[in-house]
Amino acid sequence: MADLQLRDDVPAVADDGVWLACVECGETFAPFEAIRYTCDDCDGLLEVRYADLPTWDDFEGERSVWRYSDALPFEASEARSASNGGGEAAGSVTLPEGGTPLHRVPRLEDDVGVDALRIKHEGMNPTGSFKDRGMTVGVRVAQEVGVDRLACASTGNTSAALAAYGARAGLETLVLLPAGKVAAGKVAQAALHGARILEVDGNFDRCLDIVQELAGRGEAYLLNSLNPFRLEGQKTIGLEMLEQFRDDYGEVPDRIVLPVGNAGNTAALYKCFRELVKAGALDEDEVPKLTGVQAEGAAPMVEAVEEGNDEVRRWEDVETIATAIRIGNPVNAPKALPGIRETGGTAVAVSDEAITEAQRDLAGEGVGVEPASAASVAGLRKLRERGAVDDDEQVVCLTTGHLLKDPDAAAAAGSDPEPVPDDTDAVLDHLEG
């Protein structure tokens with residue numbers, strides 16, 4: 001497995017054994033001396049690096065993001081507190097988050113035809129999506145560097161999470177949304193948590209362009225997944241998932257299938273696995289295959305994987321029912337593409353119809369997710385039909401957002417109400433008819 005410049009030596013810029021490194025040129029930076037999102041020299045993406053990497057024995061407390069504080073940027077300089085039973089780091093901004101279920105889905109498992117299928121339901125986080133994991137860490141960093149305004153571009157879930165964690169921290173929050181393209185449930189969350197919502201006459205990628213420009217001018221602290229600290233919170237999905245799967249099966253899964261929008265989770269999981277291998281907590285041949293799924297109407301990562309390209313072409317026009325992954329320019333592609341390739345994974349695009357079918361199938365198991373989440377199951381099904389996934393594989397599908405994030409899509413996918421008279425016998429006649 002390529003280590004993407006994980007290194008044994010600690011650079012002079014390291015602060016308490018933590019530093020930032022460019023994944024393109026290898027330049028290193030102190031983590032908190034200045035606000036930066038990309039490399040000063042080449043504008044490449046940055047990763048958080050550590051002098052000491054934890055093993056499984058280092059993790060304590062109930063399952064939550066802060067159980068894994070030894071794998072996060074603050075453990076070395078902040079005392080741990082177990083007052084909430086979750087190993088929360090002192091000073092953290094938590095609701096709390098993490099500890100999400102790894103569901104069994106026996107009927108779906110039989111239908112797809114794999115040895116084991118589990119659903120990691122990140123929609124059970126406080127604001128209903130995986131974004132909370134990144135925000136608890138990202139907003140804590142915002143406090144560390146002393147900013148007073150947070151900002152993000154969003155297809156919905158990021159805005160809801162940032163608004164909630166910004167409110168928790170007492171910081172002003174600004175969110176830019178593509179006008180008319182965000183599910184109502186997500187806009188309502190951001191509004192109720194007090195964010196200032198700007199609807200942009202453009203798509204998500206244009207919103208992110210503007211937020212990056214605002215951040216570059218020092219007008220706000222950017223908390224999209226371009227921010228390397230946010231992905232540190234998201235990598236705890238991998239740590240938690242592997243612990244849960246090992247508890248049940250005594251080993252780690254062969255493959256993880258996940259929806260891809262900006263590719264932050266793909267990058268974060270790959271970093272998680274590399275760090276575990278480097279620490280000796282995971283063998284290289286145990287690393288799960290990272291398999292990305294996009295909607296056919298927004299599939300630039302799939303295009304790059306299928307064509308063998310090292311760069312992702314930006315799609316200017318994207319459209320899909322899966323609003324959370326309606327993204328044409330995945331900013332984390334330079335981190336995510338190596339993750340797919342080096343783990344022996346792949347990527348696949350699925351239709352909106354297949355996404356809706358998978359959403360119904362998950363609901364039939366009692367697991368309620370928004371359309372983008374169901375893309376992972378739709379993608380697994382398509383890969384099984386192609387023979388790209390073997391029937392003896394043990395698979396985890398990541399579902400990223402709760403059903404109620406997009407109630408309109410849920411209503412459209414579900415059954416219609418049946419009007420009946422105000423009479424018990426008439427109700428029974430209707431049922432029998």
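How many disulfides does a search of the whole structure find? The search finds zero, where a disulfide is a pair of cysteine sulfur atoms within 2.5 Å. Before I explain, a word on the source. This is a predicted model, in which local features need pLDDT of at least 70 and side-chain atom pairs count only at pLDDT 80 or more, while totals for chains, interfaces and linings use all residues. Residues are numbered from 1 along each chain as its sequence is written, and side-chain values use heavy atoms, with hydrogens and water left out.

Let me return to the cysteines. For Cys 152, the closest cysteine sulfur is that of Cys 207, and because the two lie 9.6 Å apart, they are too far from each other for a bond. Cys 207, in turn, is in no disulfide. Cys 152 is buried, at a relative accessible area of 0%; buried means under 20% relative accessible area, exposed over 50%, and partly exposed in between, with a 1.4 Å probe and protein chains only. Cys 207 is also buried, with 0% relative accessibility.

I turn now to the sheets. Helices (H or I, at least four residues) and strands (E, at least two) are DSSP runs, numbered from the N terminus. Two strands pair if DSSP finds at least two bridges between them.

Strand β9, residues 172–178, runs parallel to β10 and is joined to it by five bridges. Within that pairing, Val 175 is placed opposite Ile 197 of β10.

Another open sheet is built from six strands in the order β6-β7-β15-β12-β13-β14, and its pairing is mixed. Its edge strands, β6 (102–104) and β14, each pair on one side only. From one strand to the next, the twist averages 25°. Inside this sheet, β12 (residues 255–259) and β15 (residues 394–399) run parallel and share three bridges. Val 257 is found opposite Cys 397 in β15. Helix α8 packs on the sheet and touches β12, β13 and β15, its direction making about 155° with that of β12. Contact here means heavy atoms within 4.5 Å.

How do α8 and its neighbour α7 meet, and at roughly what angle do their axes cross? The axes of α7 (residues 236–249) and α8 (residues 264–279) come within 8 Å and cross at roughly 60°. The two helices are therefore oblique to each other: angles under 35 degrees count as roughly parallel, over 145 as roughly antiparallel, 65 to 115 as roughly perpendicular, and the rest as oblique. On the α7 side, the contact involves Ile 237, Gly 238, Leu 239 and Leu 242, which meet Asn 265, Leu 269, Cys 272, Phe 273 and Leu 276 of α8. By class, this contact has seven nonpolar, two polar and no charged residues. Ala, Val, Leu, Ile, Met, Phe, Trp, Tyr, Cys and Pro count as nonpolar, Asp, Glu, Lys and Arg as charged, and the others, Gly among them, as polar.

Helix α9, residues 300–307, is mostly covered, with six of its eight residues buried. Those buried residues are Pro 300, Met 301, Val 302, Glu 303, Ala 304 and Val 305, and they pack against β13 (289–295), α10 (333–342) and β14 (346–350). Just after α9, Gly 308 adopts a positive phi of about 75°.

Two further places deserve a look. In strand β3, residues 46–50, five of the five residues are buried, so the strand is largely enclosed by the rest of the structure. Leu 46, Val 48 and Tyr 50 point one way from β3, whereas Glu 47 and Arg 49 point the other way. Strand β1, residues 18–22, pairs with β3 in the antiparallel sense over five bridges, with Val 18 opposite Tyr 50.

Lastly, Gly 138 lies in helix α2, residues 131–145, and is buried at 0% relative accessible area. Not counting residues up to four places away in sequence, Gly 138 touches Tyr 221 and Leu 223.

Definitions and conventions
Axes fitted to C-alpha atoms, helices over the stretch in contact; angles between N-to-C directions.
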